Amino acid sequence: MDVQEGTQQSQQLILAHNVFLLKHPDVPDIEKVSLKDEVLNSVKPNDMTPYYETLVADKVVELDQSVLDLMRSKNVDEIKKIDEKIADAEENLGESEVREAHLAKSLYYIQIGEKEKALEQLKVTESKTVAVGQKMDLVFCTLQIGFFYMDFDLISKSIDKAKNLFEEGGDWERKNRLKVYEGLYCMSTRNFKKAANLFLDSISTFTTYELFPYDTFIFYTVLTSIISLDRVSLKQKVVDAPEILTVIGKIPYLSEFLNSLYDCQYKSFFLAFAGLTEQIKLDRYLHPHFRFYMREVRTVVYSQFLESYKSVTIEAMAKAFGVTVEFIDL
């Protein structure tokens with residue numbers, strides 16, 4: 001987890017997603033074998049002792065005492081080196097070097113999955129930070145910790161803190177990045193309408209690749225917009241949006257899902273929706289809201305269908321959607 005944003009997704013968020021899939025009952029055991037290897041290939045090189053212990057306690061991986069002892073020993077040595085650098089900077093160097101040494105300790109605690117010590121050390125680093133931009137970067141670090149552990153209280157407080165910092169100043173690029181972080185928080189806490197608005201505001205300025213790739217961002221934008229926007233807004237902001245049009249074809253079923261709803265092709269819509277359900281179920285942020293989202297989508301599509309009629313039989317409706325009468329009745 002780096003303070004500077006790049007064009008790559010955070011390795012720790014990739015790890016968190018792989019651990020989520022390892023615990024997921026719908027993922028086949030054969031896939032979990034390679035997933036477990038990927039998890040250990042992230043944990044071991046980064047000497048993630050505290051996180052490894054959590055995974056063992058959760059029965060996600062088996063305990064290898066020699067691996068645990070080696071990682072623990074490396075942690076002790078690395079912290080000692082960093083503490084020596086901090087002491088040297090405080091005695092012989094300037095304020096910026098002292099801050100950098102403390103920041104290095106924060107990032108190391110984040111790297112090894114030592115959540116509480118990382119948060120404490122980020123506070124120490126912040127106390128030695130003057131520039132608003134650098135303070136904001138520390139908040140983004142905290143937000144990534146929040147999403148790694150799905151700690152929504154920490155995420156909410158950090159978003160509020162970031163907004164307060166922006167009152168002191170701060171550049172547009174960081175403000176735009178914060179919108180995506182807040183959008184992801186809103187989506188993860190079932191505030192789909194606010195998430196959709198924040199995502200749509202960020203389509204042309206997206207740079208938060210540390211959270212997820214652009215394709216995933218478009219996937220979330222379309223899913224949240226469909227259940228949040230009225231028909232006219234959906235056409236203007238989503239169906240005809242050039243940024244969405246360039247990417248949507250790469251995501252299985254998403255184009256059919258969006259366009260068949262707008263074009264009132266309900267049978268095609270339900271087929272595309274069935275194809276998307278697996279992606280929604282296996283998404284770390286959307287999974288807890290799977291059943292709720294399914295209901296919301298059906299509400300949108302049934303409402304749109306019924307607006308055209310004074311009265312309609314259930315048989316006719318079932319035929320239009322390509323489902324059984326019993327399904328509609330339920």
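In this predicted model, helix α7 meets helix α9 through two sets of residues. On the α7 side these are Gly133, Met136, Asp137, Phe140, Leu143, Gln144 and Phe147. On the α9 side they are Arg174, Arg177, Leu178, Tyr181, Leu184 and Tyr185. The contact is made up of eight nonpolar, two polar and three charged residues. Helix α7 spans residues 132–149, and α9 spans residues 172–188. Their axes come within 12 Å and cross at roughly 20°. Angles under 35 degrees count as roughly parallel, so α7 is roughly parallel to α9. The crossing of these two helices, α7 and α9, is left-handed.

Helix α7 also packs against α6, which covers residues 115–127. Here the angle is about 170°, and the axes lie 10 Å apart. An angle over 145 degrees counts as roughly antiparallel, and α6 and α7 are therefore roughly antiparallel to each other. From α6, the contact draws on Lys115, Ala118, Leu119, Leu122, Thr125 and Glu126. From α7, it draws on Lys135, Leu138, Cys141, Thr142, Ile145 and Tyr149. Seven residues of the α6 contact with α7 are nonpolar, two are polar and three are charged.

A further helix pair is formed by α10, residues 192–202, and α11. These helices pack at an angle of about 135°, with 8 Å between their axes. That angle makes α10 oblique to α11. The crossing of α10 and α11 is left-handed. Phe192, Ala195, Ala196, Phe199, Leu200 and Ser202 are the α10 residues in the contact. They meet Phe217, Tyr220, Thr221, Thr224 and Ser225 of α11. The α10 contact with α11 comprises seven nonpolar and four polar residues, with no charged ones.

The largest pocket has a volume of about 380 Å³. Its lining is formed by 17 residues. Closest to the centre of the pocket are His17, Thr216, Tyr220, Leu282 and Asp283. Two or more lining residues come from each of α1 (11–23) and α11 (214–226). Helix α11 gives the most to the lining, with four residues. The lining divides into 10 nonpolar, four polar and three charged residues.

Key
Residues are numbered from 1 along each chain as its sequence is written. This is a predicted model: local features need pLDDT of at least 70, side-chain atom pairs count only at pLDDT 80 or more; totals for chains, interfaces and linings use all residues. Side-chain values use heavy atoms; hydrogens and water are left out. Axes are lines fitted to C-alpha atoms, for helices over the stretch in contact, and angles run from 0 to 180 degrees between N-to-C directions. Angles under 35 degrees count as roughly parallel, over 145 as roughly antiparallel, 65 to 115 as roughly perpendicular and the rest as oblique. A crossing is left-handed if the near helix is turned anticlockwise from the far one by less than a right angle, and right-handed if clockwise. Contact means heavy atoms within 4.5 Å. Ala, Val, Leu, Ile, Met, Phe, Trp, Tyr, Cys and Pro count as nonpolar, Asp, Glu, Lys and Arg as charged, and the others, Gly among them, as polar. On a 1 Å grid over the protein atoms alone, a cavity is a set of points where a 1.4 Å probe fits but cannot get out, and a pocket is an open set with protein on both sides within 12 Å along at least five of seven lines; lining residues have an atom within 4 Å of a point. Grid points are joined across faces, edges and corners, and a volume is the space filled by probe spheres set on the points.
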